[in-house]
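Some notes on the local packing follow, as numbered points. Please read them alongside the model.

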Amino acid sequence: MANEENLKKGEATQFKSGEEAARNGQKGGVASGASRRRKKAMRQTVNALLGAGLEVGESTFIEEKIKPRLLALGINVEEATYQDAFLAGILLKAMKGDVRAAEFIRDIAGESPALNLKKQELQLRKNELKFKQEQAAKKAGSDADKPGADGEEERVHIYLPDNGRFGGE
């Protein structure tokens, strides 16, 4: 038997009317768009900051810490960007044995095992699709030799036994 508490008449339930569900969906869409725009603006800002040139003479931190690292890696300090300094720092950490830094450098360089695996899987799927298309083309070619392949309809003959039920002689 149903629980009487669940059968309250006239009160709002967890299920929304179509109109209310549409309004809530619209609110979600608007919020999603705003979130995407904020994330895009952040990406653009970060890219602009990373691409900005280092101001070598103005900061003791850059002079004492960053400049020697860049020089050790053979990077022209006068043309270096924050991105260069950032990657140089991570590379030096990786060289000192930091595994996460080494993984980051490997992934940035495009040598990610997960990415390579996905690329191989995609190539296998492409090859499989190509094979199936070739098999279908071969089958279609072999069907051309059969009757009806040139646009003519194939005729089917049905033979019924004469068992005396059709009023024949």
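1. Leaving aside neighbours within four places in sequence, threonine 81 is in contact (heavy atoms within 4.5 Å) with Leu50, Gly51, Ala52, Gly53 and Leu54. Threonine 81 sits in the loop between helix H2 (60-72) and helix H3 (82-95); helices here are DSSP runs of H or I, at least four residues, numbered from the N terminus. Its side chain reaches the backbone oxygen of leucine 50 at 3.4 Å. Threonine 81 counts as buried because its relative accessibility is 16%, the limits being under 20% relative accessible area for buried, over 50% for exposed and partly exposed in between (1.4 Å probe, protein chains only).

2. On the basis of these values: this is a predicted model, in which local features need pLDDT of at least 70 and side-chain atom pairs count only at pLDDT 80 or more, while totals for chains, interfaces and linings use all residues. Residues are numbered from 1 along each chain as its sequence is written, and side-chain values use heavy atoms, with hydrogens and water left out.

3. Helix H3 and helix H4 pack with their axes 7 Å apart, at an angle of about 130°. Axes are lines fitted to C-alpha atoms, for helices over the stretch in contact, and angles run from 0 to 180 degrees between N-to-C directions. H3 is therefore oblique to H4; under 35 degrees would be roughly parallel, over 145 roughly antiparallel, 65 to 115 roughly perpendicular, and the rest is oblique. On the H3 side the contact is made by Phe86, Leu87, Ile90, Leu91, Lys93 and Ala94, and on the H4 side by Ala101, Ala102, Phe104 and Ile105.

4. How many aromatic pairs are there? The count comes to one, with ring centres of Phe, Tyr and Trp (its six-membered ring) required to lie within 6.5 Å. The rings of phenylalanine 86 and phenylalanine 104 have centres 6.3 Å apart and planes at 85°, so the pair is edge-to-face (planes over 60 degrees apart; under 30 is stacked, the rest tilted). The pair links distant parts of the chain, H3 and H4, 18 residues apart. Phenylalanine 86 is partly exposed at 43% relative accessibility, and phenylalanine 104 is partly exposed at 33%.

5. After H4 comes glycine 110, with a positive phi near 90°.

6. Serine 112 lies in the loop between H4 and helix H5 (113-143). Is serine 112 buried or exposed? Serine 112 is buried, its relative accessible area being 13%. Not counting residues up to four places away in sequence, serine 112 touches Arg106 and Asp107.

Definitions and conventions:
Helix = DSSP H or I, 4+ residues; strand = E, 2+ residues; numbered from the N terminus. Polar contact = N/O pair within 3.5 Å; in protein donor to acceptor, adjacent residues only side chain to side chain.
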